[in-house]
Amino acid sequence: MALDSKVPSGSISDKWTSYKDHINLVNPANKRNIDIIVVGTGLAGASAAATLAELGYNVKTFCFQDSPRRAHSIAAQGGINAAKNYQGDGDSTFRLFYDTIKGGDYRSREANVHRLAEVSTNIIDQCVMQGVPLAREYGGLLDNRSFGGTLVARTFYAKGQTGQQLLLGAYSAMNRQIGRGKIKSHTRHEMLDLVLVDGKARGIIARNLVTGEIERHSAHAVVIASGGYGNVFFLSTYAMGSNATAAWKIHKKGAYMANLCFTQIHPTCIPVSGDHQSKLTLMSESLRNDGRIWVPAKLEDAKAIREGKKKPADLSEAERDYYLERRYPSFGNLVPRDVASRAAKERCDAGFGVNKTGEAVYLDFAAAIQRYGKEQAYVKGFDANDAALITKLGTKVIESKYGNLFQMYEKIIDENPYVTPMMIYPAVHYTMGGTWVDYNLQTTIPGCFSIGESNFSDHGANRLGASALMQGLADGYFVLPYTIGDYLAPDIKTGTISTDLPEFVEAEKKVKDQIEKFINNKGTHSVDYFHKKLGKIMWDKVGMARNAKGLAEAIEEIAALREEFHKDVKVTGTADSFNQELEKAGRVSDFLELGELFAKDALHRNESCGGHFREEYQSEEGEAQRDDENFAYVAAWEYKGKPSDAVLHKEPLVFENIKLVTRSYK
Ligand SMILES: Cc1cc2nc3c(=O)[nH]c(=O)nc-3n(C[C@H](O)[C@H](O)[C@H](O)COP(=O)(O)OP(=O)(O)OC[C@H]3O[C@@H](n4cnc5c(N)ncnc54)[C@H](O)[C@@H]3O)c2cc1C
């Protein structure tokens, strides 16, 4: 099937408005006759479900947690972007659009990104009206901070808990609709297949995770809001339950998977400490507003620090290498995540790492503590030369901005980051790839939509910080509620979709068969054993630096591991009970397929861009080298039985409003 992005005609700034003026609408009375399934109740799914129900549709939501408010979105720390220009520092819709396209290394669709920038301001108004406690300045106005890849301060935040506060807002809106009977919420339910009737998405098969019962649910359209697939790497900053099953199941039913290799490695995470770990912890990018990143300038000092013979405070300013400030004077510590991550790896690979494994750099707040301390001393009329007082005052300011993050770091590492610089290293954090969607957020399956992190999104090859929350809420509150109406308008007379149709029976049987197979497999290794092995292949050969040889090996190794998994996995417990081993088995089975396609996508893209770094394509200074002539397209893969047979479709990317230039942050 040829890809049709359905981008409306007209000038970039008029497209969305004019589109909304001309689409089909469903009148309020008819909305009552239409059912919509929303799989996922993170920020994208919860905002969509609440809005669709408010509009009058009958909504059924599904999530695998015990409550929608425990979705992975709750972990988001640093903030959400919006082009409000409250700081008067030159921000605008165009600038947010421009920064996002450039930040994504020119691998995203212009029309979608412009729409995102346009609706970004509505999100803040919506959330403030819901009562979300976004940070405010002393005078009561909403505060902003800066994130990487931008020269303005446009990030709204709620301490280091922005996702939690936004999700509470969306969840409250959802709850109002649950109370009205417009949303039927199915918690602890996992979607295990999509049901197509006459080529259209008409329902899902879900497992009740408490009783093990397999259920059929029908609707006129299905919205997938199931989050990203970063846990294919086993270790990541994702919630441990995050998985790709919903997205992978729709892929197998006809939804194309796009740009899988565009994965974000976040530069400021707590370094891996050993084999025992099952999860990594993020230190928010907001810390780069005030923290300075450095390693020792001399190899012998780095070695002495690793061996515990020296401490970071023993090194004078001249003995430190603030390598981001040195290499990128304009953006300094606030370069985009892909650039900061690669620069950290480059220093550590060269032997300058500062922890025992040699894979850590410092994030240091000493200078910020002094700066803020002095400012406070002046403001309060204290002695600006009293060193102890300055440190105390400055520490208080840092604590008020980032206190919960510092506390989290201290609990994990057992070192006081107000005194000793934090140690950080890049880790898998976000997936820009996902199900391909057109301008309407519809996948290649009619009636099956995908929103939030589960779609291939507006972030191109790299996501700028604070833009995932913006995209998820834009999709859920302001985009999908319009576009889905256009699709549903011809469905007003269809009536309820019966779950007795043969398509439901067949899909249910397939799900049950797979569960039985896992339970009866009687292999010798746990699911985690295989997941860890997959994660190691992914990190070593499909991770921060990739090359053709490693990727080809990864493809073979993942296929072999998948075969071994199906022969030898041991799933304890029963099918008709709460069984987390069984849940994991299904998810890892899907990751073992997705991982191979991911590597295949990375192998075919003979260029470096954003989070996709191919060692063969770099400049002399180690910067990513794009190939716009041959790779300025979205790579969308069609399922054909197994990952190795997937067929590539290309959506060319046309840049009419932003000139394609080499990305520079110097
Ligand atoms: C530590 C951390 C900090 C972050 N900080 C920021 C930040 O400051 N700013 C920012 O913009 N972004 C941030 N991000 C990224 C951002 O949080 C996520 O991209 C975003 O929240 C994803 O939202 P979502 O609604 O698409 O998916 P999720 O929040 O992942 O929700 C997925 C939902 O799908 C459900 N689900 C999944 N599969 C199934 C299935 N098969 N059946 C039923 N239900 C299913 C889950 O139960 C859940 O409800 C951060 C990410 C991490 C890991």
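This is a predicted model: local features need pLDDT of at least 70, side-chain atom pairs count only at pLDDT 80 or more; totals for chains, interfaces and linings use all residues.
Buried here means under 20% relative accessible area, exposed means over 50%, and partly exposed is in between, with a 1.4 Å probe and protein chains only. Residues are numbered from 1 along each chain as its sequence is written, and side-chain values use heavy atoms, with hydrogens and water left out.

**Overall build**

- The protein has 18 helices and 19 strands, where helices (H or I, at least four residues) and strands (E, at least two) are DSSP runs numbered from the N terminus.
- A compact globule of 666 residues would have a radius of gyration near 26 Å, and the 25 Å found for the protein agrees with that; the radius is taken over C-alpha atoms, and the globule rule is 2.2 Å times the number of residues to the power 0.38.
- Along its principal axes, the C-alpha trace spans about 80 × 55 × 50 Å.
- Of the 666 residues, 61% count as buried.
- Take the contacts (heavy atoms within 4.5 Å) between residues at least 6 apart in sequence: 75% of them join residues at least 24 apart.

**Surface and charge**

- The protein exposes about 25300 Å², with carbon and sulfur atoms supplying 51% of it; areas come from the Shrake-Rupley method with a 1.4 Å probe, and for residues only the protein chains shown count as cover.
- There are 82 positive and 83 negative side chains, and the centres of the two sets lie 3 Å apart.
- For that tally, Lys and Arg count as positive and Asp and Glu as negative, while His and the chain ends are not counted; each charge is placed at NZ of Lys, CZ of Arg, CG of Asp or CD of Glu.

- Asp 590 sits in helix 17 (residues 580–604) and is buried at 1% relative accessibility.
- The Asp 590 side chain makes a polar contact with the side chain of Thr 245 at 2.8 Å; a polar contact is a pair of N or O atoms within 3.5 Å, where within protein one must be able to donate a hydrogen and the other to accept it, and residues adjacent in sequence count only if both atoms are side-chain atoms.
- Beyond its neighbours within four places in sequence, Asp 590 is in contact with Thr 245, Trp 248 and Lys 249.
- Glu 596 is also found in helix 17, and is buried with a relative accessible area of 4%.
- Leaving out neighbours within four places, the contacts of Glu 596 include Ile 555, Arg 562 and Pro 643.

**Met 257**

- Met 257 belongs to strand 10 (residues 257–258) and is buried at 1% relative accessible area.
- Among the residues it touches, not counting those up to four places away, are Trp 248, Trp 436, Leu 597 and Trp 637.
- Met 257 and Val 437 are 180 residues apart in sequence, yet 9.1 Å apart in space, C-alpha to C-alpha.

- Lys 6 has a positive phi of about 55° although it is not a glycine; Lys 6 lies in the segment before helix 1 (15–22) and is partly exposed at 40% relative accessibility.
- Ser 457, also not a glycine, has a positive phi of about 60°, and is found in the loop between strand 17 (448–450) and helix 13 (468–488).
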